[in-house]
Amino acid sequence: MPGDGERESDEVTSRRRGTGRRSALRALLGGSAAAALAGRAQPAWAGGPGTAADPDSEAAAVAGATGRVREYWLQADSFEHNPVPNGYDGMMGRKFTPGETTFQAIGFRAYTPGWGRPLAADQGADGIGANTGIPGPVLRAEVGDAVKVHFRNNDVHYKWPHSIHPHGVQYDRDNDGGWLAGEPDIPGTAIPYGGTHTYSWHCKPSSVGTWFYHDHSVPQSIPAPAGAPAQPSPAEDMGSGATMEIGAELGLLGMLVVTDANTPAVDREFTLVLHDAYTDDVPSLAQDLDMFNGGAFVDNTPTFTAKVGERVRWRIAALGKEFHVFHIHGHRWESAQGYQGWVDSQILGPSTTLTVEYTEDNPGDWIYHCHVTDHMMGGMVGRYRVTT
Ligand SMILES: [Cu+2]
């Protein structure tokens with residue numbers, strides 16, 4: 001998505017003035033919630049029992065302690081998507097026609113209440129992001145909040161059932177969204193085309209962090225175009241005839257961010273989703289594509305920007321069947337997950353996430369990429385511009 005970074009500068013400025021972000025959030029939240037947010041009120045449990053990280057205190061810091069409900073209206077929309085709109089692999093120098101890289105995608109978009117109209121983009125550090133569908137909007141909440149997601153399936157193209165399965169938050173089985181062939185009637189696991197469902201989740205102290213939400217509904221397969229030679233997919237080789245989580249492969253995935261009073265404030269927050277689409281599953285593609293936020297190759301993936309001296313946070317999440325190595329040129333950060341000390345590359349696999357923070361100290365025109373060479377060649381490269 002070219003231009004993400006450019007737009008971000010203005011959004012960050014507006015965030016610093018205290019406008020924009022809060023007005024957008026007010027559109028998402030109820031009145032009392034918005035009032036609490038405007039005052040940056042401490043969560044009700046802060047400072048009292050249950051603020052410590054020990055599991056016994058979790059019961060004290062019960063979900064719902066803030067009394068706040070974060071309400072989102074999400075729709076699964078189907079649309080034509082070209083992850084390589086400039087037709088160019090700027091690292092290898094290869095060219096593509098739109099026909100080689102375009103497919104029928106599905107993405108989550110956030111709407112005004114009642115799925116009225118799509119919410120405007122908000123690229124600020126607390127915003128929902130581009131809201132173009134891939135990835136879905138960034139859902140944000142604080143410990144003690146309830147999250148209510150009103151979901152409507154508007155998959156006009158495939159007309160498949162879909163669902164939303166969250167990671168990191170607390171929920172019961174009717175709010176899990178995970179479909180099983182042996183228990184096909186569990187509510188929320190297969191919302192038919194045109195249908196709706198409301199999911200309720202709760203943010204506990206153990207929910208703080210960067211998480212995924214994604215389609216986890218009935219496996220499906222896309223028929224090969226008429227006249228094409230029949231090619232069994234890996235799933236068909238395994239006998240099922242369909243691909244698990246193909247909705248997420250086509251774009252139904254997004255990030256869920258839970259914070260608490262101890263989450264450090266930053267000047268910039270980038271959200272980056274690593275995901276892949278395969279010719280075996282998506283027959284209109286001429287090659288497998290490895291994507292950042294729905295784009296492939298530099299200038300189609302997000303261009304992020306920062307200034308020297310700013311505190312920067314990347315929230316990174318991977319979904320699919322690949323293991324990735326996230327790397328930024330010219331930078332190191334102190335790892336909080338899985339490593340000790342300073343790193344400039346970190347591994348993440350399916351459904352795992354990274355939260356990377358550092359103070360920017362190196363101006364330049366950098367790239368960030370997945371360090372698995374196949375994935376770099378498949379599109380997982382982006383620009384990171386640092387100015388003084
Ligand atoms: Cu990779």
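Modeller: Let's start with pairing: two strands pair if DSSP finds at least two bridges between them. Strands here are DSSP runs of E, at least two residues long, numbered from the N terminus.

Biologist: And what should I know about the model itself?

Modeller: This is a predicted model, where local features need pLDDT of at least 70, side-chain atom pairs count only at pLDDT 80 or more, and totals for chains, interfaces and linings use all residues. Residues are numbered from 1 along each chain as its sequence is written.

Biologist: What makes strand S1 (residues 69–81) and strand S6 (residues 146–154) a pair?

Modeller: They share nine bridges, in the parallel sense, and pairing needs at least two. Trp73 stands opposite His150 in S6.

Biologist: Which sheet holds S1 and S6?

Modeller: An open one of four strands, in the order S4-S1-S6-S8, with mixed pairing.

Biologist: Why is Pro135 called buried?

Modeller: A residue is buried if 20 or more other C-beta atoms (placed from the backbone) lie within 10 Å of its own, exposed if 12 or fewer, and partly exposed in between. Pro135 has 29 within 10 Å, so buried it is. You'll find Pro135 in the loop between S4 (103–111) and strand S5 (139–142).

Biologist: Why is strand S13 (residues 303–307) called largely enclosed?

Modeller: Because four of its five residues are buried. S13 also pairs with strand S21 (residues 381–387), parallel, over five bridges, and Thr305 stands opposite Arg385 in S21.
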